[in-house]
Amino acid sequence: MKNTYLLFIFITALSSNLFAGNKSTPPNIILIFCDDLGYADLSSYGSLWNQTPEVDQMAVEGVRFTDFYAGAPVCSPSRAGLMTGCYARRVDLDLDQNNAWVLFPKAKKGINPEETILPEALKKAGYSTAIIGKWHLGDQPEFLPINHGFDYWFGLPYSNDMGIEKENIPLLPVMQNEKVIGVINQKSESEMSTLTERYTEEALNWIGKNKKKPFFLYLAHTMPHNPVAARKQFHRKTNHSKKGFGASVAEISWSTGEILNYLKQEGLAKNTLVIFTSDNGGQPYWGASNGILKGNKGQTFEGGIRVPCIAWWPGRIEPGTTCNSTASVLDFYSTFTALANLNINDSLKRDGTDISDYLFNPAKIREARPFFYWHVGYLQAVRYGDWKLNLLGRFSKEEQQNILKSTYGHTVFPDNIELYNLCSDPGEKTNVADKNPEIVAQIQKLAEKEISALGEWTNKGPEVRKTIYIDSPEILLK
């Protein structure tokens with residue numbers, strides 16, 4: 001009897017140690033980042049046009065976020081938020097050198113070499129790191145991903161509508177690490193339509209070569225950013241009136257399925273966290289849909305910055321769950337480094353927080369925390385719990401002109417600040433500021449504190465970490 005009891009104790013202890021080991025083993029992390037995918041462009045988020053069965057199955061097997069935000073309503077600042085865990089304003093990437101809203105080819109500024117961005121942090125935990133796809137955080141050598149912690153890069157340095165004119169042909173450089181290995185004609189649908197397939201092949205090949213140690217793969221799709229393109233077989237998978245857009249979304253879904261299936265086949269799924277999301281809201285003019293949300297890409301209405309987000313991790317995330325807590329790409333830095341068992345003690349202020357508990361306990365009711373809608377140098381709105389304070393009504397005529405110069409699409413400036421309850425009114429239709437003066441005052445204090453720390457427009461606040469400028473930048477295509 002005594003021997004049986006000792007055997008029971010031994011087996012229990014062994015099982016406990018094994019469980020603790022599995023729990024502390026750093027997971028592989030794959031972040032699938034779309035470009036300009038709208039809130040309602042997936043079937044699982046209400047699309048009636050686009051067929052996205054692979055991503056929808058990912059939602060069935062994982063957790064779907066309803067109130068998830070990009071880092072900004074446009075490309076470069078959103079990606080800066082992802083890589084640093086900070087609002088782009090804090091790391092001096094909310095405006096380019098000409099006060100435009102994104103970085104263009106031959107940009108004088110880019111991601112600060114002094115920042116320890118996400119892949120650099122994960123490398124400290126022994127991760128292999130790769131970016132497949134679009135970078136858009138500076139195209140000078142000092143800013144390229146291969147010099148910021150990524151072991152491997154294959155893709156484009158900026159958006160696919162930024163081709164360099166050569167003999168009246170806009171050409172996009174295809175990069176492998178620090179070298180240009182080819183070009184794509186921006187106006188050639190047949191050339192552009194190869195990108196999603198090439199990215200997928202590169203991603204699978206890289207995973208295969210690096211699957212024996214923890215890895216971080218940042219798969220940053222070029223699509224469905226305009227000019228959209230997809231292989232012909234995906235045009236049959238959409239009834240969208242703008243076939244190119246719907247087809248590009250369908251092909252991204254196919255790509256996601258290829259990656260998830262590979263993880264399952266190779267026995268990697270149970271130790272791999274995969275997240276699927278977008279860099280900002282969609283632009284309906286090009287074919288995107290933000291559903292019932294107001295506004296579009298380039299605006300701080302919900303349609304410009306609230307995006308779909310699905311997390312998948314078999315055995316760790318309960319299938320078919322939903323998280324209604326507010327979260328954003330700013331949280332990935334703290335979340336991924338926490339899962340990697342990293343203790344970040346560089347004393348730098350970051351705006352995101354560890355949301356791993358959101359993945360494992362999605363239905364938990366959490367305390368409100370503010371989310372600040374920074375865009376083109378100005379704090380334009382604040383969300384706190386279910387409440388959103390629209391600050392567009394506070395700007396002077398001069399400030400309105402600064403915003404309009406750098407804003408994609410028409411913006412109507414109200415006469416006063418506005419308050420919306422996003423739980424009951426996600427379309428921001430009914431201003432309830434007059435009925436809730438105490439909530440307005442509470443959120444205004446949060447806004448004032450944020451502006452005091454980070455400043456606005458060209459006035460950099462004391463907490464802004466200024467990046468470097470390149471005196472004589474050169475284009476990648478000579």
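How many positive and how many negative side chains does the protein have, and how far apart do the centres of the two sets lie? In this predicted model, there are 50 positive side chains and 52 negative ones, and the centres of the two sets are 3 Å apart.

The overall build comes next. The protein contains 12 helices and 18 strands. Its radius of gyration is 22 Å, close to the 23 Å that the globule rule gives for 478 residues, so the protein is as compact as a globular protein of that length. Along the principal axes, the C-alpha atoms fill a box of roughly 85 × 60 × 45 Å. Of the 478 residues, 59% count as buried. As for the contacts with a separation of 6 or more, 71% are accounted for by residues 24 or more positions apart.

Individual residues give a view of the interior. Strand β1 covers residues 28–34, and Leu-31 lies in this strand. Leu-31 has a relative accessible area of 0%, so it is buried. Leaving aside residues up to four places away in sequence, Leu-31 touches Leu-82, Ile-275, Thr-277 and Phe-332, among others. The contacts of Leu-31 also include Phe-216, Leu-217, Tyr-218 and Leu-219. Thr-116 is 85 residues from Leu-31 along the chain, and the C-alpha atoms of these two residues are separated by 18 Å.

Thr-129 is found in strand β3, which spans residues 128–133. This threonine is buried because its relative accessible area is 0%. Among the residues that Thr-129 touches, not counting those up to four places away in sequence, are Pro-119, Lys-123, Trp-206 and Phe-216. Gly-149, Phe-150, Asp-151 and Tyr-152 are also among the contacts of Thr-129.

His-136 is not a glycine, yet its phi has a positive value, near 65°. With a relative accessible area of 2%, His-136 is buried.

Strand β4 holds Phe-154. Is Phe-154 buried or exposed? Its relative accessible area is 4%, so Phe-154 is buried. With residues up to four places away in sequence left out, the contacts of Phe-154 include Ile-131, Ile-132 and Gly-133. Phe-154 also touches Val-174, Met-175, Ile-181, Arg-198, Tyr-199 and Glu-202. Asn-168 stands 14 residues from Phe-154 along the chain, and 26 Å separates the C-alpha atoms of the two.

Met-223 and Pro-224 are joined by a cis peptide bond, with omega at about 0°. Pro-224 is located in the loop between β8 (215–220) and α7 (243–265). The bond from Asn-226 to Pro-227 is cis as well, and its omega is near 5°. Pro-227 also belongs to the loop between β8 and α7.

The cysteines raise a separate point. A disulfide is a covalent bond between the sulfur atoms of two cysteines. How many disulfides does the count come to? The count is zero. For Cys-309, the closest cysteine sulfur is that of Cys-323, and the 9.1 Å between the two sulfurs is too far for a bond. A pair has to lie within 2.5 Å to count as a disulfide. Seen from Cys-323, the closest cysteine sulfur is likewise in Cys-309, at 9.1 Å. Cys-309 counts as buried because its relative accessibility is 1%. Cys-323 is buried too, with a relative accessible area of 0%.

The last stop is Ser-347, which sits in the loop between α9 (332–339) and α10 (356–360). Ser-347 has a positive phi of about 70°, although it is not a glycine. The relative accessible area of Ser-347 is 73%, so this residue is exposed, whereas His-136, whose phi is also positive, is buried.

Notes: Residues are numbered from 1 along each chain as its sequence is written. This is a predicted model: local features need pLDDT of at least 70, side-chain atom pairs count only at pLDDT 80 or more; totals for chains, interfaces and linings use all residues. Side-chain values use heavy atoms; hydrogens and water are left out. Helices (H or I, at least four residues) and strands (E, at least two) are DSSP runs, numbered from the N terminus. The radius of gyration is taken over C-alpha atoms; the globule rule is 2.2 Å times the number of residues to the power 0.38. Buried means under 20% relative accessible area, exposed over 50%, partly exposed in between (1.4 Å probe, protein chains only). Contact means heavy atoms within 4.5 Å. Lys and Arg count as positive and Asp and Glu as negative; His and the chain ends are not counted. The place of a charge is taken as NZ of Lys, CZ of Arg, CG of Asp or CD of Glu.
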